[in-house]
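These are my notebook entries on a structure I was asked to look through. The entries follow the order in which I looked things up.

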Amino acid sequence: MTRFLLSQARLPAYAIFAGIFFLCGTFLTVPAYAKTMYVKKSGTKLMEGDSARAKVLGTLKEGTPVEVLRHSGRYYEVAIPGGTKGWLFQFYLTPEAPAHAPSGGNVLEALGGREQVSARESSSATSIRGLTPVSEQYAKNKGISPASVDAVKQMEALSIPREEREKFLAEGNLGEYGQ
Amino acid sequence: MKRLSILPIAALFILLGAQVTFSGPFDFGKILKEITPPKKPEKPAEKTEPPPAPASSQNQSQGQPGLLDLGGPLLGLDSKTTGRIKQGLQGLQQLQPLTFEEEKEIGGSLAVEVFNRYGGAYPDARLTRYVNLVGKSVAELSDRPDIEYHFGIVNTPYPNAFATPGGYVMVSIGLLQMLKNEAQLAGVLGHEIAHISRKHALSSIEENRKLQGIGSIATAASGKQLEVLDQIIGFASNLIFETGLDPKLEYEADRYGTEFAYRLGYNPNGLRESLKILGTSQKRTGSIFSKTHPSFESRYKTLTQAIQRYDAKSGLFPVLETRFHSYFPTQP
């Protein structure tokens with residue numbers, strides 16, 4: 001019975017090639033970047049072009065879904081909800097929907113003051129700042145020197161403004177400023 | 001008929017909500033807490049307090065009947081059944097993942113330990129800022145960019161680096177002085193960031209917490225269960241300073257650390273080169289790397305294989321040797 005089925009399944013070579021060609025055509029003609037990705041963190045800049053030096057159209061909220069349209073260097077051209085198109089540094093996107101989805105409304109935040117605010121301020125996880133009282137209490141109970149506690153507090157307190165970080169990246173041709 | 005059978009289930013569900021802290025968006029526990037009069041502040045920990053209770057009773061109220069105790073009879077449940085449900089709920093609480101606040105409580109305590117054990121903070125604000133610039137930039141492109149990462153330098157000549165949960169990374173001045181360029185630094189920091197972003201130590205701590213039957217750290221830290229907190233941090237401390245993580249996790253951190261640094265644009269050979277430098281120097285320096293990590297030789301070989309996909313492009317990416325040296329005027 002099996003042999004019979006196999007013999008019936010034996011098709012002329014041209015039919016097999018036609019089938020393969022059809023399948024390849026079906027799957028490979030799907031645009032390579034027609035996929036949904038998500039913004040990893042709030043404050044991600046949507047650019048007018050595929051460069052960190054292009055005009056900033058606005059900033060996006062964490063979890064914003066974007067349709068990737070095409071790829072250029074280390075940038076993706078994307079369409080955001082509402083249809084606005086722009087460019088994003090590719091590593092600011094993830095294929096997995098983050099836990100913190102945008103709370104609704106306009107996903108494109110206005111430029112200006114908001115852009116200067118660290119993206120992380122909008123995250124519930126990072127609203128917890130500073131050495132926790134529990135850690136301080138632990139150190140006290142263990143008789144750990146206050147200098148060691150202060151060292152961690154200083155780590156926590158060290159904040160780097162976005163402008164300084166961008167200058168650092170630009171000078172090193174890193175991140176969005178890389179090739 | 002169906003309605004009648006649903007009612008007790010719904011009532012039981014509401015009562016359960018008071019006992020369990022759900023991590024989901026709809027938290028019955030919190031709602032019920034809000035309408036319950038606030039408790040009087042608890043007294044600070046005293047040495048006369050009994051030792052931590054076993055798992056099944058850790059989060060029980062101190063003699064105060066809970067909603068389940070009061071509601072159980074209304075649902076026709078006897079005290080034995082109510083007790084079993086409570087035990088099950090407490091077990092469920094232990095299964096809840098640690099919150100970020102708890103992660104920071106553990107990680108912050110361990111970071112304090114790192115400075116305490118390894119010579120305190122290295123007094124160079126400019127260099128510390130530079131390490132933070134590199135580290136924070138790498139972390140931003142990691143798989144967990146939504147938490148704040150903090151970088152510090154410990155004042156010991158031995159080459160060491162540590163990552164503790166909650167985003168704390170400490171490298172020794174001894175290690176920094178061995179490196180030759182910024183790409184290597186980014187690779188080393190990337191490795192530590194990967195431990196945090198992949199929750200390597202945190203997963204082991206969580207597993208241990210469940211095995212030990214420890215519930216919420218918030219309860220432990222409330223002043224009544226400080227021994228429990230000590231137990232958790234003691235386990236984590238042993239993991240980081242003595243036994244080390246599973247070697248597989250170290251290899252994974254090497255791969256991810258390289259990837260994170262590469263995403264930022266650094267030459268992907270950075271971490272691999274630093275492993276070679278550390279391996280060469282290992283014979284003449286004391287470091288806990290040897291007891292907490294697989295051998296540098298093994299890591300170098302494994303990483304060499306893993307990063308072959310980058311090799312064709314690596315020449316295009318910067319190592320930033322000059323900038324790195326500008327922060328290390330005494331570099332040999």
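**Entry 1**

I began with N173(A), which is partly exposed because its relative accessible area is 46%. I take buried as under 20% relative accessible area, exposed as over 50% and partly exposed as in between, with a 1.4 Å probe and protein chains only. This is a predicted model, in which local features need pLDDT of at least 70, side-chain atom pairs count only at pLDDT 80 or more, and totals for chains, interfaces and linings use all residues. Residues are numbered from 1 along each chain as its sequence is written, chains are lettered from A and ligands numbered from 1 in the order in which they are written, and side-chain values use heavy atoms, with hydrogens and water left out.

N173(A) is not a glycine, yet I find its phi positive, near 50 degrees. It lies in the segment after helix 6 (162-171) of chain A. Helices (H or I, at least four residues) and strands (E, at least two) are DSSP runs, numbered from the N terminus.

I noted K199(B) next: its phi is positive, about 55 degrees, and it is not a glycine. K199(B) sits in the loop between helix 8 (182-197) and helix 9 of chain B. With a relative accessible area of 36%, K199(B) is partly exposed.

H200(B) belongs to helix 9 (residues 200-212) of chain B. Its relative accessibility is 4%, so I record it as buried. Which residues does H200(B) contact, leaving aside its neighbours within four places in sequence? I list A194(B), H195(B), L245(B), L249(B), E252(B) and A253(B), where contact means heavy atoms within 4.5 Å.

P159(B) is in the loop between strand 1 (150-154) and strand 2 (161-164) of chain B. I record P159(B) as buried too, because its relative accessibility is 3%. From P159(B) to S172(B) is 13 residues in sequence and 5.9 Å in space, C-alpha to C-alpha.

**Entry 1: Helix 12 against helix 15 in chain B**

I then examined helix 12 (residues 247-264) and helix 15 (residues 296-306) of chain B, which pack at about 45 degrees with their axes 10 Å apart. This makes helix 12 of chain B oblique to helix 15 of chain B. Angles under 35 degrees count as roughly parallel, over 145 as roughly antiparallel, 65 to 115 as roughly perpendicular and the rest as oblique. The axes are lines fitted to C-alpha atoms, for helices over the stretch in contact, and angles run from 0 to 180 degrees between N-to-C directions.

On the helix 12 side I find Y251(B), D254(B), R255(B) and T258(B), which meet S298(B), R299(B), T302(B), L303(B) and A306(B) in helix 15 of chain B. The residues of this contact divide into three nonpolar, three polar and three charged.

**Entry 2: The two chains overall**

Chain A has six helices and eight strands, in the order α-α-β-β-β-β-β-β-β-β-α-α-α-α along the sequence. Of its 179 residues, 40% are buried. Among contacts in chain A between residues at least 6 apart in sequence, I note that 58% join residues at least 24 apart.

For chain B I record 17 helices and three strands. Buried residues account for 53% of the 332 residues of chain B. Of the contacts in chain B with a separation of 6 or more, 75% come from residues 24 or more positions apart.

Notes: Nonpolar A, V, L, I, M, F, W, Y, C, P; charged D, E, K, R; others polar.
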